[in-house]
Amino acid sequence: MVNYVPVLLILIIALGMAAVIIILSKLAAKSRPTREKLMPYECGVEPVGTARERQSVKFYLVAMAFLLFDIEAVFLVPWAVVFRDVVRSEAYRHLKYVFYGEMMVFMVVLFVGLIYVWRKGILEWNK
Amino acid sequence: MTNLLLEWVIKTIVILFILVTAVAYVTLMERKVMAWIQMRVGPNRVGLGKFRLWGLMQPLADGLKMIFKEDIIPLQANRWLYVLAPALSLIPALMTFIVIPYGSHITIFGYTIELHVTRMNVGLLYVLALTSVGVYGIVLAGWSSNNKYSLMGGLRSSAQMISYELALGLSIVSVLLYTGTLDLVEIVEAQSGFHGLAWNIFHYPLLILVFVIFYIASLAETNRTPFDLPEADSELVAGYHTEYSSMKFVMFQMAEYLNLITASSIATTLFFGGWNGPFVGRLPLLGPLYFTVKVLALIFLAMWIRYTVPRFRYDQLMRFGWKFLLPASIVNIIISSTVILFMR
Amino acid sequence: MVPLSWYLGLSALLFTIGTVGVFIKRNAITIFLCIELMLNAVNLTLVSLSGFFGDVGGQLFVFIVMTVAAAEAAVGLAIIISIFRNRESLNVDEIDSLKY
Amino acid sequence: MELEKLLFIVFAVIAIASALNILLQRNPLYSALSLIGTLLALSALYVTVRAEFIAAVQIVVYAGAIMVLFIFVIMLLNIPKDQPQIEKQKALRYLAIPFAGLMIAEMFYVLRWIRLSTLPPVPAGNAEQAVGTTWSIGTRLFTDYLLPFEVTSVLILMAVVGAMVLARREGD
């Protein structure tokens, strides 16, 4: 697992970089806060109401549909990686149609999900 | 072990240095390309003393200017998250590059150096993982600013990013069907046949379609026009980074350009043979050169698109991603696997 | 090398923290987060046992658990949304209409 | 080899600290962010037992999709902070601490009996097919574990339909 040490290295260096950048701008720049500067920006007029309002549930529905297909993609990855080997190798020869068919079944079931989401109008944003 | 560690540290620091410089000059390139497309001259004043150097010092001046800008944290903002958010979008963007190979290997003083920082059995998944973590920076920036534009921009942007991440992931799956590995180093090495021109895109013509899907999805992932909805300046001021100023703003910009560079490098690696090219076997130093040229060409393409195509409307964007790109990439997987099953 | 017992101990501690969270928290969404934490603690056990015994079965199990967790999160959060809409609160002490 | 133990301790401390932070924070958004910290630390621990693929999937699925869903819900609903809970039986708290200490002591006593302390060696020559790599996952998942895999797809489909029905209002 030695190959993963650079991930740790670059994480530490990147963290350091981010910290240095933030601190640098704190040190270098003058700070003269006024009331107007510290207000939420709303094109120069006094802010109306609060930004903490309830948003459309549609974002949740899209994120949920994303979750579904993300899982599909994650299952597809190991399948795609071994697919060519399975098709070509002698040891797995008898399995190659099973191997192909099972993923098609999986994708069809999830495609039904996409069609459901589609028909229910989750993917329409102009209503 | 100590030797290896030292090699990693040096490589990582060099890579980061190159990346930061590259980001600076890609911004200059963007301004020059924009000026060129709009028949203007572009930045050409900033130089060293009397020498103008075609504006080559412009990024440096920009950086200095941004450092000395006042750093504003709005009173109503959520201070911790407000400071954390730009770092959260910059760090994953910096981290991707360690798995991308930019050359085969060179020998200096009898010490062989592989021209990639590390190789992983799950290299492409690592890239995808970092892409998916990158969403947080934007969501949290939008939420913590406590500004309506920021919140709307953050939500829209993250919904857009996750939608196109699907098309991105699924188009990569089609490539995996042909390469049979997630290790980027192996993927590139498999393309080195035929005088370094056995690129995947020449070898498997179906991948041209996959590349188009991948490229569109990666443009959307990096929030570039025609997909720059999160910052749609005519509706949302500046989207999720409306409230950000000074170096925090720069961090978001850096992350955006880093993502563009990463996406172009991944596209190069997957479709255009990575560092492969003619004579690269005899002169390994050509590898990084070929790699850079290909990446720059893809970046140029992105800029060209940016200044040619108008912005999508949000409903069009979602429809395009979910109803066209996603089914298209699934169909691509089905066709590719069928071809592999029956043709080999 | 790190012995297996360390992994199992860490996993047990995380599971305990998750359980305590389910008991002491009042917010439905935090309780949900604690359940995810418990799932992850169990995943750590499965992955480390699978690694130490050299059998990939445990990791496949974790893969399936993650899928189930995703399905659970989708439905659970949908329930939370509909409860919040109807009652404007996520305090589990107040959501007790089913209590006799 | 002490480096490995040091790394384990670092990640374990991150995991436990962020897990505790879930409980300490009142704002659900902060709790969710702490859980992401735990997830990332666990993913690093998976790498130390050579479960590379699962480690990557952990980040892609858990940190990149499930937690995004959580954070979206917290932000969309603008969920209020947790109220401090009303103590009903105060005496129980003082009873709980010794019991918890006892349980932890018992756990560590039991763990001492586990003697397994080294990972099995990687078979020479085919490191790409060792346990935990994408290849090993792919070959086992789609052969020996075919049924759970297919059932998973139905489960996800049901989850989508269920969540859609629950979260949408009529005419939404």
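Start with chains B and C. No contact joins them (two residues are in contact if their C-beta atoms, placed from the backbone, lie within 7 Å). Their closest C-alpha atoms lie 15 Å apart.

A word on what is loaded. This is a predicted model, in which local features need pLDDT of at least 70, side-chain atom pairs count only at pLDDT 80 or more, and totals for chains, interfaces and linings use all residues. Residues are numbered from 1 along each chain as its sequence is written, while chains are lettered from A and ligands numbered from 1 in the order in which they are written.

**Chains C and D**

Now select chains C and D. Five pairs of chains touch, and this pair has the most contacts. Here 58 residues of chain C are in contact with 65 residues of chain D. α1 (4-24), α2 (28-53) and α3 (57-87) of chain C each supply at least two residues. The largest share, 21 residues, comes from α3(C). By class, this side of chain C has 40 nonpolar, 14 polar and four charged residues. Ala, Val, Leu, Ile, Met, Phe, Trp, Tyr, Cys and Pro count as nonpolar, Asp, Glu, Lys and Arg as charged, and the others, Gly among them, as polar.

**Helix α2 of chain C**

Zoom in on α2(C). Of its 26 residues, 20 are buried (20 or more other C-beta atoms within 10 Å of a residue's own). From first C-alpha to last, α2(C) reaches 38 Å, close to the 38 Å expected at 1.5 Å a residue. Step just past its end to G54(C). This residue takes a positive phi of about 70°.

**Chains A and B**

Move to chains A and B. There, 54 residues of chain A are in contact with 63 residues of chain B. α1 (5-28), α2 (35-38), α3 and α4 of chain A each supply at least two residues of the chain A side. That side divides into 39 nonpolar, five polar and 10 charged residues.

**Two helices in chain A**

Last, select residues 58-88 and 96-119 of chain A, which are α3 and α4. Their axes, lines fitted to C-alpha atoms over the stretch in contact, come within 11 Å and cross at roughly 165°. The two helices are therefore roughly antiparallel (an angle over 145 degrees). Show side chains. From α3(A), look for residues including F75(A), W79(A) and F83(A); from α4(A), partners include F99(A), M103(A) and F106(A). The residues of this contact divide into 12 nonpolar, one polar and two charged.

Notes:
Axes are lines fitted to C-alpha atoms, for helices over the stretch in contact, and angles run from 0 to 180 degrees between N-to-C directions. Helices (H or I, at least four residues) and strands (E, at least two) are DSSP runs, numbered from the N terminus. Angles under 35 degrees count as roughly parallel, over 145 as roughly antiparallel, 65 to 115 as roughly perpendicular and the rest as oblique. The expected span of a helix is 1.5 Å times one less than its number of residues. A residue is buried if 20 or more other C-beta atoms lie within 10 Å of its own, exposed if 12 or fewer, and partly exposed in between; C-beta atoms are placed from the backbone.
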